[in-house]
Amino acid sequence: MNPAVQWVTLFYMLLAGTAMGLAYDSYRVLSLKLSFPKWLNALLDLLYWLWAALLVFRMLYAGNQGELRFYVFVGLFLGVWIYFLIFSVTVRRFVVMLIQSVQYTCRLLWKVIEVLIGVPLRWLWRLLRGIIRLLGVILLFILKLLLRLTKPIWVFPVRWISPHASRLYHSAWITRFTAWIHTRRKH
């Protein structure tokens, strides 16, 4: 293996180590900020290591057709070490800022949806409720008006028939007939 291939492979491993550090920091900040359950953290850890292994072996294959040498481990270690030495604090701050920006955008979007959809729906509900109440009041007014206008038509016959019906109900033969029915029911 010539030195050019070894230097290319070392550079690829530096990049892979840096990418692993970047992904790990981003994942760590996300899991702390979003408070994932323990089972999800375990699953995400497994997915991170699967991704890291695939990344390293893909970069290793691209660099020297998958030959595992000492400088591969040195390159990975140097890449992770350089990342944590130089970029880690900046990346963590950036990820926190990104999370806050996404949360702010979601809150803003929710308020816009509430203003554009929620407020008109509440106004529409209040309008419909007011219209239904108004129609109920108008209908009640019309019924009362009809009752008063038709009062002479239905009150006069009721007043005329009422004394006769009362006398008929309390007459002797109806009283005897109802008493006879009650005695029949008891037997």
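**Notebook: helices, cores and aromatic pairs**

Entry 1. I began with T90, which is placed in helix 3. The model I am reading is predicted. T90 is exposed, at a relative accessible area of 54%; I note that this is over the 50% cut-off for that class.

Entry 2. The mean pLDDT of the chain is 84, and 95% of the residues score at least 70. Within the chain, helix 3 has the highest confidence, at 90, whereas helix 4 (residues 151-169) has the lowest, at a mean of 70.

Entry 3. I followed helix 3 along its length. This helix covers residues 70-149 and bends by about 65° at F87. Which of its residues are buried? I list Y71, V72, G75, L76, G79, Y83, S88, V91, V95, I99 and G118. These buried residues pack against helix 1 (3-34) and helix 2.

Entry 4. I turned to the nonpolar cores. How many residues does the largest one have? I find eleven: M13, A16, M20, Y48, A52, V56, M59, L60, Y71, V72 and L76. At least two residues of this core come from each of helix 1, helix 2 and helix 3. Helix 2 is the main contributor, giving five residues. For L76, with neighbours within four places in sequence left aside, I recorded contacts with M13, A16, G17, M20 and V56. There is also a second, separate core of five residues, among them V29, Y83, V91 and I99.

Entry 5. I looked up the aromatic pairs, of which the structure holds six. I examined Y48 and W51: their ring centres are 6.1 Å apart and their planes meet at 35°, so I class the pair as tilted. The class follows because planes under 30 degrees apart would count as stacked and those over 60 as edge-to-face. Both residues belong to helix 2 (residues 38-64) and are three residues apart, about one turn of the helix. I recall the general rule: an α-helix has 3.6 residues a turn, so residues three or four places apart point the same way. Beyond the pair, Y24, Y48, W49 and W51 form one aromatic cluster.

Entry 6. I then took G63, also in helix 2. G63 is buried, with a relative accessible area of 9%. What does G63 touch, residues up to four places away in sequence not being counted? I noted V5, T9 and Y12. From G63 to L43 I read 20 residues in sequence and 30 Å in space, C-alpha to C-alpha.

Entry 7. I compared the model with the record. In an unreviewed entry, UniProt lists residues 6-27, 39-62, 68-87 and 131-149 under "transmembrane region". I checked two of these spans in the model. Residues 39-62 are 100% helix and 0% strand, with the end C-alpha atoms 35 Å apart. Residues 131-149 are likewise 100% helix and 0% strand, and their end C-alpha atoms lie 26 Å apart.

Key:
Residues are numbered from 1 along each chain as its sequence is written. This is a predicted model: local features need pLDDT of at least 70, side-chain atom pairs count only at pLDDT 80 or more; totals for chains, interfaces and linings use all residues. Side-chain values use heavy atoms; hydrogens and water are left out. Rings of Phe, Tyr and Trp (its six-membered ring) pair if their centres lie within 6.5 Å; planes under 30 degrees apart count as stacked, over 60 as edge-to-face and the rest as tilted. Helices (H or I, at least four residues) and strands (E, at least two) are DSSP runs, numbered from the N terminus. The bend at a residue is the angle between axes fitted to the seven residues ending there and the seven starting there. Buried means under 20% relative accessible area, exposed over 50%, partly exposed in between (1.4 Å probe, protein chains only). Contact means heavy atoms within 4.5 Å. UniProt positions are given in the numbering used here, feature names are shortened, and annotations may be inferred rather than shown by experiment. A nonpolar core is a set of buried Ala, Val, Leu, Ile, Met, Phe, Trp, Tyr and Cys residues joined through side-chain atoms within 4.5 Å. pLDDT is the predictor's confidence in each residue, from 0 to 100.
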